[in-house]
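The following note sets out points for a colleague who wishes to examine this model. The sequence and the coordinates are shown first, and the remarks follow.

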Amino acid sequence: MRTIYHNGVVYTGSLPLAEAFAVEGDSFLFAGSSAEALAMAESGSQVVDLEGRFVCSGFNDSHMHLLNYGSALQTAPLSAHTGSLAEMLDCLREFEAAHPHTGGAWLVGRGWNQDYFSDTDQLPSRWDLDKACADVPVCAVRACGHCLTVNSKALEVLGVTAESPQPEGGRIGMENGQPDGRFYDNAMEMVYDAIPVPDKEALKGMIRAACKALNAYGVTSSQTDDYCVFRKVPWETVNAAYQELEAAGELTVRVYEQSNFTDLPSLRGFVEAGCRTGVGTDRFKIGPLKMLGDGALGPHTAYLSRPYADDASTCGIPVFTQETMDEMIGYANEQGMQAAVHAIGDACLDNVISAYEKALAEHPRKDHRHGVVHCQIMRPDQMEKIEALGLHIYAQTIFLDYDSRVVETRVGKELASTSYAWKSLMKRGGVREQRNRLPGGASRCNGVYSVRRDPDAPAGRHSSVSAGGGVYGSGGVGQLYHSRCKGQFRGEPQGPHSAGYAGGFCGVGAESL
């Protein structure tokens with residue numbers, strides 16, 4: 001059906017502003033004056049008066065955890081209660097009182113950040129969580145998602161003791177020879193594996209909730225990493241949940257699935273089942289191989305090339321060996337898949353760049369669109385290699401507000417001065433994508449606020465980014481091979497990937513469509 005929207009203030013992706021536009025099916029037909037748009041109305045067309053509202057193309061977020069976000073909406077909202085440890089514990093206590101957990105169910109929350117605590121600078125421990133709830137297992141995940149804390153009851157359920165072996169690519173926290181309840185990176189998997197997993201209908205409920213929340217912020221398209229949320233849930237079940245929602249007309253966010261795998265046999269099985277980059281529909285499509293190469297700055301798990309300035313005992317945690325990273329990225333590249341690897345520390349970035357160099361030397365590809373997620377702590381020599389390889393950089397400006405307060409303390413003045421150099425990469429011809437990343441922040445606009453408020457911090461002589469057009473619209477869709485069919489109000493076909501620009505849009509004072 002053709003729908004005509006008129007009497008609005010419409011940003012099409014360029015100036016001047018339009019007054020109206022027309023949509024048919026999932027594509028834009030026209031943008032221009034109200035008179036021209038109304039003249040396109042046919043018998044049966046719907047006509048909508050925008051009543052002066054501002055409208056732009058829907059936001060695209062190039063790094064999401066959509067399923068995890070939906071799950072987090074059903075758990076204790078720690079991100080809103082991280083002003084102090086006491087406040088965080090009160091949140092857990094009150095959530096348990098309002099939603100009692102029985103029959104082996106866990107009390108779960110996410111979003112705390114010890115750097116915002118006013119009463120301590122330490123990560124919460126098992127003994128802290130025991131004060132909030134001692135009778136049921138509790139799991140409180142840090143905002144970054146690379147560290148969590150459980151209570152003593154959870155440790156009992158897990159069977160973790162002082163003799164438990166340390167996992168590769170992770171760490172079980174110890175204090176005075178005893179588990180302190182803290183788990184880092186790969187060690188977190190044993191906790192997640194112990195939490196009862198949802199069935200397909202529950203997954204669909206989480207996706208619905210996440211899509212509704214994202215639409216309210218104007219997000220109509222996202223690249224999302226979902227297979228790692230519930231490792232015991234097969235990727236086939238996650239895909240089926242999305243596909244059934246799409247068939248029912250309930251998938252209101254276009255999804256490009258960043259396919260998270262941790263070993264080559266699993267990735268090979270995925271590809272041999274027919275899942276490669278680009279396979280799927282306009283609403284749910286397989287994207288790149290996704291790998292988490294290291295942790296985060298906050299819990300000192302981002303993998304650095306030198307010891308942390310404020311903790312000389314560690315350089316962070318490399319989640320994968322170089323051999324594993326090489327073989328997985330090499331296989332994905334050989335099979336025509338994109339790859340996107342999380343790398344916050346510069347030592348991790350060294351490993352990622354090395355893996356891409358090796359893969360592309362063995363199987364050259366002109367339009368590979370491989371990328372680095374975060375790409376925060378970096379050196380000038382790495383920027384040169386990123387430019388030479390033509391890598392996409394998935395920048396995350398929401399971290400500027402927090403990291404500007406801690407980065408120099410964590411990594412030292414020298415390394416901090418060349419980090420977050422996304423604008424420098426843009427000037428050198430690099431590609432930069434933008435996203436806010438949820439869970440971890442309540443508003444989809446927080447990333448924009450971070451850029452607008454302090455565009456140069458904390459990168460020193462290298463500017464971080466510049467706020468402006470395309471950051472959440474057309475800027476982030478290049479990674480999807482959709483830069484010519486998303487992010488603007490355009491009606492004409494634009495190449496083999498597009499039959500017209502995707503008709504997702506949002507308006508101030510109106511629901512996103």
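Which side chain meets that of Lys200 in a salt bridge? The partner is Glu244, at 2.6 Å from N to O; point 4 returns to this pair.

1. Basis of the note. The model is predicted, so local features need pLDDT of at least 70 and side-chain atom pairs count only at pLDDT 80 or more, whereas totals for chains, interfaces and linings use all residues. Residues are numbered from 1 along each chain as its sequence is written, and side-chain values use heavy atoms, with hydrogens and water left out.

2. The open sheet. Six strands form an open, mixed sheet in the order S8-S9-S10-S11-S13-S12. Strands are DSSP runs of E with at least two residues, helices are runs of H or I with at least four, and both are numbered from the N terminus; two strands pair if DSSP finds at least two bridges between them. Strand S8 (76-77) and strand S12 (170-175) are the edges, each pairing on one side only. S8 runs parallel to strand S9 (residues 107-112) and is joined to S9 by two bridges, with Ala76 opposite Gly109.

3. Strand S11 and its neighbours. Strand S10 (residues 138-142) is antiparallel to S11, with three bridges between them, and Cys139 stands opposite Val150. The hairpin of S10 and S11 has four residues between the strands, and Gly145 there takes a positive phi near 80°. S11 also pairs with strand S13 (residues 178-185) in the antiparallel sense, again over three bridges; here Cys147 has Tyr184 as its bridge partner. In a regular strand the side chains alternate between the two faces of the sheet. Within S11 (residues 147-150), Cys147 and Thr149 point one way, Leu148 and Val150 point the other way, and all are buried. Buried means under 20% relative accessible area, exposed means over 50%, and partly exposed lies in between (1.4 Å probe, protein chains only).

4. Salt bridges. The count comes to 20 salt bridges, each defined as a side-chain nitrogen of Lys or Arg within 4 Å of a carboxyl oxygen of Asp or Glu. Asp115 and Arg410 meet at 3.1 Å, N to O. Asp115 lies in the loop between S9 and helix H4 (126-132) and Arg410 in helix H13 (residues 398-411), so this pair ties together parts that are 295 residues apart in sequence. Asp115 is partly exposed at 31% relative accessible area, while Arg410 is buried at 5%. A network of salt bridges links Asp115, Arg142, Asp310 and Arg410. As for the opening pair, Lys200 and Glu244 form a salt bridge that links distant parts of the chain, helix H7 and helix H8 (residues 235-247), 44 residues apart. Lys200 is partly exposed, with a relative accessible area of 29%, and Glu244 is partly exposed at 29%.

5. A buried pair. Arg379 forms a salt bridge with Asp346, the closest N and O atoms being 2.8 Å apart. Arg379 is in the loop between strand S18 (371-374) and helix H12 (380-389), and Asp346 is in helix H11 (residues 346-362), 33 residues apart. Both Arg379 and Asp346 are buried.

6. The largest pocket. How much space lies in the largest pocket? The volume is about 1,000 Å³. On a 1 Å grid over the protein atoms alone, a pocket is an open set of points, where a 1.4 Å probe fits, with protein on both sides within 12 Å along at least five of seven lines; lining residues have an atom within 4 Å of a point. Of the 45 lining residues, Asn68, Ser71, Tyr192, Val229 and Phe230 are the closest to the centre of the largest pocket. Elements that give two or more residues to the lining include helix H2 (66-72), helix H6 (188-194) and strand S16 (284-292).

7. Backbone points to inspect. Leu15 and Pro16 are joined by a cis peptide bond, with omega about 5°; Pro16 lies in the loop between strand S2 (9-11) and strand S3 (20-24). Asn176 has a positive phi near 55° and is found in the loop between S12 and S13, where Asn176 is exposed at 76% relative accessible area. His374, in strand S18, also has a positive phi, near 85°, yet His374 is buried, at 2%.

Definitions and conventions
Grid points are joined across faces, edges and corners, and a volume is the space filled by probe spheres set on the points.
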